[in-house]
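Reader: Hi! I'm new to this one, could you walk me through it?
Author: Happy to, let's look at it together.

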Amino acid sequence: MVDTCLDRDNESNEILERIYNADSTIVQFLYATTAVGKSTLTDKIISLIDTNEIVPICIRTVPENNGNKYNEWEVFNQLFDEINAESKEINNSFINYETYISHDEIMNDYITKQYIEDCINKPKSILKHTIKMSIGKIGKLGPYEMIQYDSGLRGMHVKKNYLKNVFSTQRILLVIDNIQNIDNSSLKSILDVIYATRYKKHFLLFEYTITKNITEEQLIDLQNYIRRNDLKTERLELKQIPKEYIIDVVSHALNIIPSSYEYSNKILDFYDKHPNGNILQIIAHASNLNIGNECVAGEVDDEILKKLLLLSETSLLILGIIIHNNGKLKKSILEKIIPKDITESDIKQSFCELTNEGFLDKKVTDTVTIYHASIIDSWKNSSARKIINSNIIALQRYESYYMNLIKYKGIAVTEQEVAEIPWLALLEIYKVKYPQKIGTLISHLRNGILTNISPDTAWIFLDAFIVKTKTEVKAYKCSYYEILDLCYEFELYQEGYECLKIMEDFFSLISEPRLLFYKMLYLSALDCHEENIHIFETYCDKFSCGSQEKLNLLIIVQASYKSLNKTEECISIYNHIQKNRSYRKYNEYGYFLRLTCMYLPRKKALRLIKKSYRFFTKRAELQQAGKSLITYSHFVSSLGNPNKALSYILQAEGLLINKQMGQHMFLVNKAVISMHMGIFDDSIWNFLDIAEMSARVSYDKLAIQICKLVWLIENDNCNNCEPILQKILEYTDLEPDKAIVSAAYYDVYYYYSLNGQKEIADKYKMQAQELEEWCPIVKAKFHNYIDKEYAFVLNKKWVLFYLEYWTYDLLY
């Protein structure tokens, strides 16, 4: 295959000139159809770059053209590993990760607090377990290795801060191929690193492949997203390699001198008939001509496929297994998947064949990689019986191996194998081949969201399951309820509601109270409050007073009444539940106590929220106790006791220690409480950064950006406010809650007032005033009166918003 770039001098010189003359950080997209030579060109640029001027870092991702978003954090972790490996090279000025986290004062303090000292604040019910777990981890790894191998949001945040440190000390040329496949968490975190160090004039060279499913319009959307992060972007289309260079390309790739005029003419004729410029197909055609393989298995139009059909059965099996793992697989895993009856000699011979024929990357590493995405395209599009049979056997071996990893009991399985995430490997198979099997992996999927996979990517798999089974919902009833629960927890509200509507075709709401409750929960989350109240009024009297079903309906509908400012209806429900002691035997009663935060006077609600915490603790519902503590802590803080509130929020964090989704709830409140205490150090920004990783709804995102704006103002860092302001205004357009929108406009008004931009400030002042009836703090500030319930926070120049749980985890 092509390892050296022939010609492309114009393109390489243009990009090199942009790199050397850049007056700011630039994100350069290099885009084209598959196999036109994007990676070959970027390799040429890296070989020509002056490393004293800029340090090249190249990330080669899975060789796929399909635009799927793979493992969450995958590209980010590749960048981290590459930078850390580079830092250990002789004479490299990068600080390595171990040195960074052991010597950086802020990180050192942060790690110590998070992993050791916070044990002091854990409730007794989990303290013993936490200490045991921490000592065990530290004993095996040491405190710094422990954070290095933390795959949760905290670990990713520390790695991101390390990358910021590296990118702040060096100018970097960052090359990433197949950027159309990048997962959302990796993209956002890499852009955060680049934005924070943009003054170093980095150059990001992103390869983007255009296919029939991945359009140039999608590239423009990605470009606009990056621009919203206040970074400069450019596009360069890589055209088909000029015809006069094709014979040279073929000669170099095959290490031959064309033997005849007829041979060269056939290559040029193929070039003319295939204007997409796929160099690998041209080289494959030349190779087939060279060995007399012009027609294989009938009329085969795909030149790469012709070469595939000449491979041995063992080589095809190996290739098929690697392709099922998105074109990249650790050699140690591959050797365990290959059937035992294939000899070591045959395997070695197949590796030589696949490498020599250009199907596997020649680089010697512990991972075997398909040379190019075009090979996978040819394999997947083939209808040749030989390929289909090899694919079936490869799929069976691949599935069997990963099923055993999931089910293993007493089998020796290495950490490396577990790291392959077997359930995710199986999901990739099932999505295409057996979507109905996805239902068996929903619990694994749920546990891996945010750490291994994003909620949006999780939905792709769930949707495939629904499409396949939507005519047999009764047979898959339990799986459908799992989907409703997962979508609600991870705030996939619209997606979950679509699933619910399919279920309604098979089950009546009165015969399935659980489905009725979910319908109301989703309608409330989607701000369809009038419809939700109508559903409540239709079904409420069908259940007896004092029943668990009626209690669920009464609690769920309160959020809709409150959202429509119908506080009197909330009070009426409160009185009804308090009068009927039968409701107190159900776990849901703890929710009722917590949700009084929505409508009762703050001091009265404070007592009931604390009662909710005790209620859940007594019943060993520790996650619910933690959520009640979050609400309780912010009430305690806003009423003037932030020191005590901080101890409560730390306890809440302990109770929710293993819950990735929702970490932003206690992190934001921890930040708000600290800021009300006058603390504006870097740890507060850390809290908000980690919180941003798991926040999904506009309300929570807006609360985080408000906090970030205030933090920047208090640290006299207004130069970095612009992207925060943009996000605030973006989220205010999306958020229906008028109270937090009013507060956001107030803080934007405050920012522009400080900067002497009166005209802009007055604009946002007016917008905040229009919504002040919904936000007592803003109203009190504009009218200069003291509201006793908000006296403590009214002393501040700005307005911050706490987060609290109005959502409802169904226990029925």
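Reader: Thanks! Where is Glu-512 placed?
Author: Glu-512 sits in the loop between α25 (493-504) and α26 (513-525). Helices here are DSSP runs of H or I with at least four residues, strands are runs of E with at least two, and both are numbered from the N terminus. This is a predicted model, where local features need pLDDT of at least 70 and side-chain atom pairs count only at pLDDT 80 or more, while totals for chains, interfaces and linings use all residues. Residues are numbered from 1 along each chain as its sequence is written, and side-chain values use heavy atoms, with hydrogens and water left out.

Reader: Is Glu-512 buried or exposed?
Author: Glu-512 is buried, with a relative accessible area of 13%. Buried means under 20% relative accessible area, exposed means over 50%, and partly exposed is in between (1.4 Å probe, protein chains only).

Reader: And which residues is Glu-512 in contact with?
Author: Leaving out neighbours within four places in sequence, Glu-512 touches Lys-477, Tyr-481 and Phe-507. Contact means heavy atoms within 4.5 Å. With Tyr-481 there is also a side-chain polar contact of 2.6 Å. A polar contact is a pair of N or O atoms within 3.5 Å; within protein, one must be able to donate a hydrogen and the other to accept it, and residues adjacent in sequence count only if both atoms are side-chain atoms.

Reader: Zooming out, how many helices and strands does the protein have?
Author: There are 41 helices and seven strands. Of the 812 residues, 56% count as buried.

Reader: Okay, sheets next. What is the order of the strands in the open sheet of five?
Author: The order is β2-β3-β4-β1-β5, with parallel pairing. At the edges are β2 (55-59) and β5 (232-237), each pairing on one side only. Two strands pair if DSSP finds at least two bridges between them.

Reader: How many bridges join β1 to β4?
Author: Eight bridges join these parallel strands, and Thr-33 stands opposite Ile-210 in β4. On another pairing, β3 (residues 172-176) and β4 (residues 203-210) are parallel over four bridges, with Val-175 opposite Leu-205 in β4.

Reader: How many of the residues of β4 are buried?
Author: Eight of its eight residues are buried. In a regular strand the side chains alternate between the two faces of the sheet. In β4, one side has Phe-203, Leu-205, Glu-207 and Thr-209, the other has Leu-204, Phe-206, Tyr-208 and Ile-210, and both faces are covered.

Reader: What do the buried residues of α2 pack against?
Author: They pack against α1 (9-21), β1 (26-33), β3 and β4. Among the buried residues of α2 (residues 38-48) are Leu-41 and Ile-45.

Reader: Last topic: at what angle do α3 and α9 pack?
Author: Helix α3 (residues 74-87) and helix α9 (residues 184-196) pack at about 45°, with axes 6 Å apart. Axes are lines fitted to C-alpha atoms, for helices over the stretch in contact, and angles run from 0 to 180 degrees between N-to-C directions.

Reader: Which residues meet there?
Author: Glu-74, Val-75, Phe-76 and Leu-79 from α3 meet Ser-186, Ser-189 and Ile-190 from α9.
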